[in-house]
Structure formats: structure tokens, C-alpha cells
Amino acid sequence: MQDREFYEAVKELALSDAFEELLNRLEAKHTSDWKNSVPIANDKREHHWHMVSAINELREEIRNIIQGEKISNYNRRLHSKLT
């Protein structure tokens, strides 16, 4: 997959209400399971905590990809005006 195709696919995914809803539901499920697990069930609690962290990391990576492409587009436009 080319960089441009990748960016467009990520952008489409990021703008999808269904994808955001999916992430919200997963985060809510794992947060609830994490908070409702018994303190001595360390493995379960840790699993849910890592899942919430992974969901947040996915959101952040999508934002970084979108933001990086916006910066690249701006730099290309600026460069074309200067040349």
C-alpha cells in the first residue's frame, strides 16, 4: 500500500462514526471490567488496563497520522509557492 492510499484509508477510518463508536464501546467494556474485577485477580485487571491503553494508543496514532499528513500537505503547498 502506498503512503497516500494508507493516509486516505486512515482518514476514512478516523472520520467514521461507526469506528469511533466501536472504540468507545470497547473502552467502556474494558474500563467497566477492569473496575469491577476483584483486586486479587491481577491478571484480569492488568489485561483490561492494557486493552484500554491500547485503544487510547490507537486513537493517538490515528491522530498523529492525520496531523502528519496535514503538515506534509502544508509544506508541499508552501514549497510550491516559493519555487
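Leaving aside its neighbours within four places in sequence, which residues is I66 in contact with? Select I66 and look: the partners are Y7, V10, K11 and A14, where contact means heavy atoms within 4.5 Å.

Before going further, a word on what is on your screen. This is a predicted model, with residues numbered from 1 along each chain as its sequence is written. Local features need pLDDT of at least 70, side-chain atom pairs count only at pLDDT 80 or more, totals for chains, interfaces and linings use all residues, and side-chain values use heavy atoms, with hydrogens and water left out.

**Colour by confidence**

The protein averages 87, and 95% of its residues reach 70 or more. Among the elements, α2 has the highest mean pLDDT, 94, while α3 has the lowest, 84. Helices here are DSSP runs (H or I, at least four residues), numbered from the N terminus.

**Stay on I66**

I66 is found in helix α3. Is this residue buried or exposed? I66 counts as buried, at 14% relative accessibility; buried means under 20% relative accessible area, exposed over 50%, and partly exposed in between (1.4 Å probe, protein chains only).

**Select the core**

Next, pick Y7, V10, F19, L23, I55, I62 and I66 together. These 7 residues make up the largest nonpolar core, a nonpolar core being a set of buried Ala, Val, Leu, Ile, Met, Phe, Trp, Tyr and Cys residues joined through side-chain atoms within 4.5 Å. Two or more residues come from each of α1 (3-14), α2 (17-36) and α3 (42-82). The biggest giver is α3, with 3 residues. Click on I62 while you are here: leaving aside its neighbours within four places in sequence, I62 is in contact with V10, L13, A14 and F19.

**Open the pocket**

Now show Y7, K11, A14, L15, F19, E20, L23, R59, I62, R63, I66 and K70, which line the largest pocket. Its volume is about 190 Å³. On a 1 Å grid over the protein atoms alone, a pocket is an open set of points where a 1.4 Å probe fits, with protein on both sides within 12 Å along at least five of seven lines; lining residues have an atom within 4 Å of a point. Grid points are joined across faces, edges and corners, and the volume is the space filled by probe spheres set on them.

Which element gives the largest share of the lining? That is α3, with 5 residues. Colour the lining by type and you get 7 nonpolar, no polar and 5 charged residues. Here Ala, Val, Leu, Ile, Met, Phe, Trp, Tyr, Cys and Pro count as nonpolar, Asp, Glu, Lys and Arg as charged, and the others, Gly among them, as polar.

Jump to H48, which lies in helix α3. H48 counts as buried at 10% relative accessibility. Beyond its neighbours within four places in sequence, H48 is in contact with H30, D33 and W34.

Then go to E21 in helix α2, partly exposed with a relative accessible area of 36%. Draw a C-alpha line from E21 to N36, 15 residues along the chain, and you get 22 Å.

Finish on A9 in helix α1, which counts as partly exposed at 39% relative accessibility. A9 and E61 sit 52 residues apart in sequence and 14 Å apart in space, C-alpha to C-alpha.

Definitions and conventions: pLDDT = per-residue confidence, 0-100.
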